[in-house]
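I set out to record a few local features of this model. The entries follow the order in which I looked them up.

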Amino acid sequence: MRTELSLTNILTVYRGSAVAAGIVATAVIGAAGVGLIGIALGQDNAFLALSTAALAGVALLVIVVMGYFSLRRALVLAEDRRRDLLASLNRDALTGVFTRKYFLDRLREFVRQSDRMPVAYVQVDMDHLKTINDGNGHAAGDQALVRLVRTLEELVPGAVIGRLGGDEFALALPGINSKAALKRLGDRLLEELDRPRPLAGRDMRLSATLGIAVAPEDAGDADTLISKADLALYKGKNNGRGTVVAFERELLTEERYQRFIERELRAAILMEELELYYQPVQTADGALKSVEALVRWRHSVRGMISPAAFVPIAEQSDLIAKLGQWVLRRACADFPRLGVPAVAINVSAAELRNPDYAAHFADELAAAGLSGESFIVEITETVPLQKNSAERKNLEFLRALGVRIAVDDFGAGHASLGYLRDLSFDILKIDRAYVAEITSRPVDSMIVQSICRIAASLGVMVVAEGIETPEQHAVLVELGCTAFQGYLLGRPEPLDAIEARNGQVTVAA
């Protein structure tokens with residue numbers, strides 16, 4: 001409707017200008033004709049007629065020029081109104097920023113003109129939104145997203161902001177190509193988000209991870225620009241989140257390394273080139289309680305590759321399911337020869353998202369002729385446990401099979417004690433960060449003692465991992481830990497080494 005009115009105004013301006021120009025043109029022609037006739041007849045009024053024609057000609061020129069500028073202004077206003085209307089139809093309902101499609105269209109326009117005016121692209125991911133949703137409700141998560149957007153608008157009033165997904169936003173900043181300035185801007189954003197502000201009835205800090213790329217320095221087209229900012233963002237997430245990372249060429253080398261790892265790991269799984277090492281978990285008197293299965297990769301060219309280097313890459317692809325299946329199947333095959341009460345395996349959140357994970361786990365146990373009591377599944381606090389989620393249903397299914405559930409690195413995540421409320425667990429493994437300084441930091445001792453008391457009241461075993469000195473072991477026993485793991489008690493070893501010592505090991509009842 002607004003566009004139709006604009007067009008009507010333009011046509012009115014054009015019609016008025018055309019009518020005025022026509023009248024003046026007729027007058028010019030008439031006056032010029034009279035003048036010419038007068039000259040031919042030698043009449044005295046010929047000069048007056050020609051003067052009139054000249055003045056009318058000037059008037060015609062003025063009308064035409066004014067009509068042109070009036071028409072151009074009407075067209076500009078119509079285009080502005082059209083853009084405003086289009087923009088209003090392409091706003092995110094929650095945050096008010098542009099929708100994904102509209103934002104990307106604007107970004108492509110900016111990048112196409114970046115040879116004349118550079119443009120910065122900043123991708124922003126809110127950290128731990130799922131934790132906020134699970135712990136405080138989706139209304140709190142929505143408020144957190146709105147707070148992020150309002151902070152962006154205050155810090156960068158001239159930016160074009162779009163929502164790319166649930167917790168993903170992006171900024172386009174025409175005329176800016178200084179990565180140092182952009183990183184300072186990102187740091188200011190993180191500082192503002194980290195200030196405690198009321199959210200869902202209580203003060204809460206927020207966090208985000210930012211990836212930066214600029215055109216034309218980093219890319220000459222929008223898709224490549226986005227991919228490079230995304231690569232920087234991925235680097236920031238791997239560095240622990242809550243960071244600002246600008247794209248540099250070195251990141252492409254890292255990406256190529258990740259692709260190499262993914263390709264080689266896929267082949268290693270198919271060719272049975274991985275190994276399982278087992279680390280003992282003992283009681284206070286040294287009896288063997290269980291072993292933890294730890295995957296190792298001995299590459300034919302690069303030698304031993306750390307799990308920290310390939311497990312996160314596997315989690316980003318379909319390889320984590322294949323890797324997890326290989327570990328479970330190998331542990332099942334090794335179990336009769338290990339001579340232990342139970343084997344613990346690490347299971348990632350990505351595996352538990354598969355609704356059929358527990359069923360496949362049960363099939364592997366049945367094929368090996370083993371019971372659920374033979375296994376412990378270790379998860380971290382990053383696994384979401386909201387009601388009716390696939391992750392929670394899988395864990396409940398596993399416990400019904402007799403598999404014990406352990407929370408690994410307890411105290412290092414964001415859920416901590418509230419995590420125990422959502423599902424019953426059998427084992428808590430205290431994060432090694434508390435164990436490392438247990439003899440020198442009283443606060444760590446207090447935290448460990450509190451965890452042990454809560455666990456005792458729930459009937460849950462507490463395992464202290466990362467023990468390297470007799471002093472640490474003695475303090476942890478005194479604080480109430482019931483099981484222990486670390487280099488002091490035994491390093492991870494392959495099956496052959498364990499079999500060679502089996503006759504010397506005491507097994508806990």
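Is Thr151 buried or exposed? I found Thr151 buried, with a relative accessible area of 9% (buried means under 20%, exposed over 50% and partly exposed in between, with a 1.4 Å probe and protein chains only).

Basis of the entries: this is a predicted model, in which local features need pLDDT of at least 70, side-chain atom pairs count only at pLDDT 80 or more, and totals for chains, interfaces and linings use all residues. Residues are numbered from 1 along each chain as its sequence is written, and side-chain values use heavy atoms, with hydrogens and water left out.

Entry on Thr151. I located Thr151 in helix α5 (helices are DSSP runs of H or I, at least four residues, numbered from the N terminus). Leaving aside neighbours within four places in sequence, I listed Leu189, Glu192 and Leu193 as its contacts (heavy atoms within 4.5 Å).

Entry on the helix pair. I noted that the axes of α5 (residues 138-155) and α6 (residues 179-194) come within 10 Å and cross at roughly 135 degrees (axes are lines fitted to C-alpha atoms over the stretch in contact, and angles run from 0 to 180 degrees between N-to-C directions). The contact includes Arg147, Leu148 and Leu155 of α5 and Leu185 and Arg188 of α6.

Entry on Glu391. I placed Glu391 in helix α13 (residues 390-401). Not counting residues up to four places away in sequence, Glu391 touches Leu352, Arg353, Val383 and Pro384.

How values were computed
Helices (H or I, at least four residues) and strands (E, at least two) are DSSP runs, numbered from the N terminus.
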